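I opened this notebook to record what I looked up in one structure, entry by entry.

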Amino acid sequence: AVVDVAIQDYVADVAAELIYQSHSQVSKEVLFVFPLGPDMAIYSFQARSEDAEVQAVLQDEAQQLATGDWENMEYLEDQSMYPGKLFTCFLGTLSPGKEVVVTLRYVQELSREADGAAHFLLPPTMHPHTIHYAFALPGATFLLAARNCHTDGLSYSLLLTASLQSPRGVANVQANFSLTPLIYTAPDRSTAQVSLAGSPPDRHDLELRVYFGEPTAVSAVVEEGDPGAPPGSLLGDPMVLVTLAPSIPEAVPGQRQSGEWIFLLDTTFLEHAQVPLQSKDRDGWRIRPVCSVFPQESLLFLFKSLPLGCYFNIYCYGETSVGIYPQSVEYTQDNLAEAMRRIPSTRSGLGDTNLLGTLRSIYNTPRPRGHARQLLIFMTGLPPDKEAIAAEVCRHRNSHRCFSFGFSEDSAALATALARETGGEAAYVSSDNSLAAVVLQRLKQALKPAAVEVSLSWTLPPGLEVEVLGGTPQSIFQGQHSLLYAQIHGQAQEKTVAKGVMTLQYSLDGQDVTHTIEFPLYPRGAGRLAVHRLATRCLLKRLLPEAASGSGDEPRHRAVEISLAAGIICPLTSYVGVRTSQRGSWYQGPLALLPPRQSLIPCQIVELHSFIKASSCHPKSIWVPPGWLTALRASRRALCRLTHRIAALPQRGACSKACKPPPPSISSLTYVNPRLFVLCSPTFVPWLTEVIAECKELVALQNVDGSWALSSRLASVLEIDEAEIKGKMPGEVMEPSIWATVLAVTWLKKTNKRYQDLCELLEAKAVTWLHSRAASQLDKCLEAANTLLGSSDKPSIFRL
């Protein structure tokens, strides 16, 4: 394999030439299989053998039947042990001792590591130290080798070269394999090259980490357009790659924190669960069970763990959408009690799931200024309008994050798609007992602070203007970054001005932050259009929901046009393989003037969703007669011809409708293996139910600010007489609630952190409240609490 990688900040363009030689004694049919990551897009593929050339060509999905509607390669789908997307192309027959040369080009967005490095992983197809899919077909050769299974005896070589570029300068390169010394190709160190030194290691994937100059909150790189494309088109105009990565410090647990939390509760649970309603009396909080959507412990732990300073709202969705409040309200004791009290009244009149209507109601509600919006969506099953739901979330992906929870395997795909599209997380809840732990794990991730009110402004020479494709995110969370693509329109009136200015503004902890940078409008050298092709993917994401809504043909036509122009596939386009027979040297005379013979062959993106547990490294074999793939292709063509002839009959309408496959999904919803979704979800700990039962009463008595009131109910939970509690209160303590809160935290800690996962956020709020009220009294309070409860906690539990 010869692999050339061009890395521009956090974008990679990969050109690979893969040479496969047959050492078999018999001819074999060859199927090329290439796994596609979620941020990858192939834009060029061709293969050459001794007698033919195969090229992948994009076509309008609507024209697929006219050019050959190939099978979905069910044999491949059913035998996969890893779900995901594969690019597949049938290459024909390979004779003994002959070779086939595959040329593949793709672009990819690179992940940004915590230290700012761009992370590149070489696909296993180009470094086959492991076999990615554990199955084989006798009589057919797969140009892909099985995952976690060493390929002893596999003979291959690799030549890897990486070109690196960034206006901030290339500072360093790290890899898990031997590299040649870094060679700078520009005086300002903005470009560099590095290569694989020696043979690649045969026991792990190959990874590169590229470090640029001093990290900044924003960077901009301009890529020139394609000279052959029309001016004003997506490929013809210059494109700016914008990287937004604000430096956001970690939040201190328990402190006030901004944010808008909206809970969407599926009312299917109404018949099966109870929720604790809390009403205030002179003893504090009193629990009385009533019907609602989730087990009482789950909502109890969830709502009490929210931070002060945030906003919240609750929607119970069914046949109609019901919001507890018209819009989000501040998280206070009274507002939470009112919300819990009003949940039961939403039960009447709710029927079939109406998640789509609920989402639209939320998107039409204004967001509190300065607060990042996050949705926590709970689904029991898969809604019938799942495609419309995914499209609606995609349309508003810049305005919020989704944390979605599926209670059935059917809802796995939708839950994952909503979270992935918005930068959130998804989880599977296998039982009511595990709900609290699963939700709180995700809540801790969602509580990361964010830069909000994000905006970009541009200063360019007269005659130029900028359009950010896909829009700018309203919030960027700690540990995340955003890659944006901006198209530069127009012609500069003054060619002497060679720079533009971009300004990033956002709010962090109530403080306005501004970053301004200059960037060159006319970069040196010709690019490989990686930024343009990834910008095409970004624009397609925006157009596809519009095409799915049925609001005219214009969005669909434009999506197909830019997909075909850039060579980037979308759900409205599909691949077809064009196989051209080569003319040999023995062709003489008039025959040499004839064009090469062409035929169409299977070439497409395949969605894998089967799941086979592999117990060993031995491939799963299926007997297939020699020539099976060719016979299958010929049979398919014959069936298509027969179908078209039948369609010509007077009754063709009914037949064509019956034979025509359903239209492809054009939303962001893609298949997710439900069983893998379950396996990747947090597992249920056997003693979790007991832990929840032990501490739920104490949690119910906690105030939203983190404190506890000294009451008979608290004494009952602590199993100590109320009079004794009051008698042991240190004299320095001026407020009984301080003493009560110290006792509650000490009680939670006395069981060797048994409650850590469930009560970590609650404890943090309590400790923060104590520091604000009685920091100097905590030592003596802890000493008295240890004596009363028979514990031996250290002052560190109060951050002392």
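Before the helix pairs, I note how an axis is taken: it is a line fitted to C-alpha atoms, for helices over the stretch in contact, and angles run from 0 to 180 degrees between N-to-C directions. The model I am reading is predicted.

**Entry 1: H17 and H19**

I began with H17 and helix H19, residues 778-789, whose axes come within 9 Å and cross at roughly 60°. H17 is therefore oblique to H19. I recorded the crossing of this pair as right-handed.

I then listed who touches whom. From H17 the contact takes Trp739, Val742, Leu743, Thr746 and Trp747. On the side of H19 the partners are Leu778, Cys781, Leu782, Ala784, Ala785, Asn786, Leu788 and Leu789. Sorted by class, the contact of H17 with H19 has 11 nonpolar and 2 polar residues, and no charged ones.

**Entry 2: H17 and H18**

Next I took H17, residues 736-749, with helix H18, residues 756-774. Their axes come within 10 Å and cross at roughly 150°. That angle makes H17 roughly antiparallel to H18, because angles over 145 degrees count as such. H17 passes H18 in a left-handed crossing.

For the contact I wrote down Ser737, Ile738, Thr741, Val742, Val745, Leu748 and Lys749 from H17. H18 contributes Gln756, Cys759, Glu763, Ala766, Trp769, Leu770, Arg773 and Ala774. The classes in the contact of H17 with H18 are 9 nonpolar, 3 polar and 3 charged residues.

**Entry 3: H6 and H7**

I moved to helix H6 (residues 386-395) and helix H7 (residues 412-422), which pack with their axes 9 Å apart and at an angle of about 10°. H6 and H7 are therefore roughly parallel to each other, and their crossing is right-handed.

In H6, I found Lys386, Ile389, Ala390, Val393 and Cys394 meeting Leu414, Leu418, Glu421 and Thr422 of H7. By class, the contact of H6 with H7 divides into 6 nonpolar residues, 1 polar and 2 charged.

**Entry 4: Leu418**

I looked at Leu418 separately, as a residue of H7. Is Leu418 buried or exposed? At 1% relative accessibility Leu418 counts as buried, because the limit for that is under 20%.

Leaving out neighbours within four places in sequence, I listed Ile377, Ile389, Ala390, Val393, Cys402 and Ser404 as contacts of Leu418. Of these, Ile389, Ala390 and Val393 belong to the H6 side of the helix contact. I also noted Arg397, which is 21 residues from Leu418 along the chain, with 9.0 Å between the C-alpha atoms.

**Entry 5: Val107**

I turned to a strand residue: Val107 sits in strand E7, residues 99-109. Its relative accessibility is 0%, so Val107 counts as buried.

Which residues does Val107 contact, leaving aside its neighbours within four places in sequence? I wrote down Ala12, Asp13, Asp39, Met40, Ala41, Tyr43, Ala530, Arg533 and Leu534. For Ala41 I also noted the C-alpha separation from Val107, which is 5.5 Å across 66 residues of sequence.

**Entry 6: positive phi outside glycine**

I checked Asp509, where phi is near 55°, a positive value in a residue other than glycine. Asp509 lies in the loop between strand E32 (499-508) and strand E33 (511-520). With 68% relative accessibility, Asp509 counts as exposed, because the limit is over 50%.

I then checked Glu719, also not a glycine, which has a positive phi of about 60°. Its place is the loop between helix H15 (712-718) and helix H16 (722-727). Glu719 counts as exposed at 73% relative accessibility.

**Entry 7: totals**

How many helices and strands does the protein have? I counted 19 helices and 37 strands. Of the 800 residues in the protein, 52% are buried. The protein exposes about 35500 Å², and carbon and sulfur atoms supply 51% of that area.

Key: Residues are numbered from 1 along each chain as its sequence is written. This is a predicted model: local features need pLDDT of at least 70, side-chain atom pairs count only at pLDDT 80 or more; totals for chains, interfaces and linings use all residues. Side-chain values use heavy atoms; hydrogens and water are left out. Helices (H or I, at least four residues) and strands (E, at least two) are DSSP runs, numbered from the N terminus. Buried means under 20% relative accessible area, exposed over 50%, partly exposed in between (1.4 Å probe, protein chains only). Accessible areas come from the Shrake-Rupley method with a 1.4 Å probe; for residues, only the protein chains shown count as cover. Angles under 35 degrees count as roughly parallel, over 145 as roughly antiparallel, 65 to 115 as roughly perpendicular and the rest as oblique. A crossing is left-handed if the near helix is turned anticlockwise from the far one by less than a right angle, and right-handed if clockwise. Contact means heavy atoms within 4.5 Å. Ala, Val, Leu, Ile, Met, Phe, Trp, Tyr, Cys and Pro count as nonpolar, Asp, Glu, Lys and Arg as charged, and the others, Gly among them, as polar.
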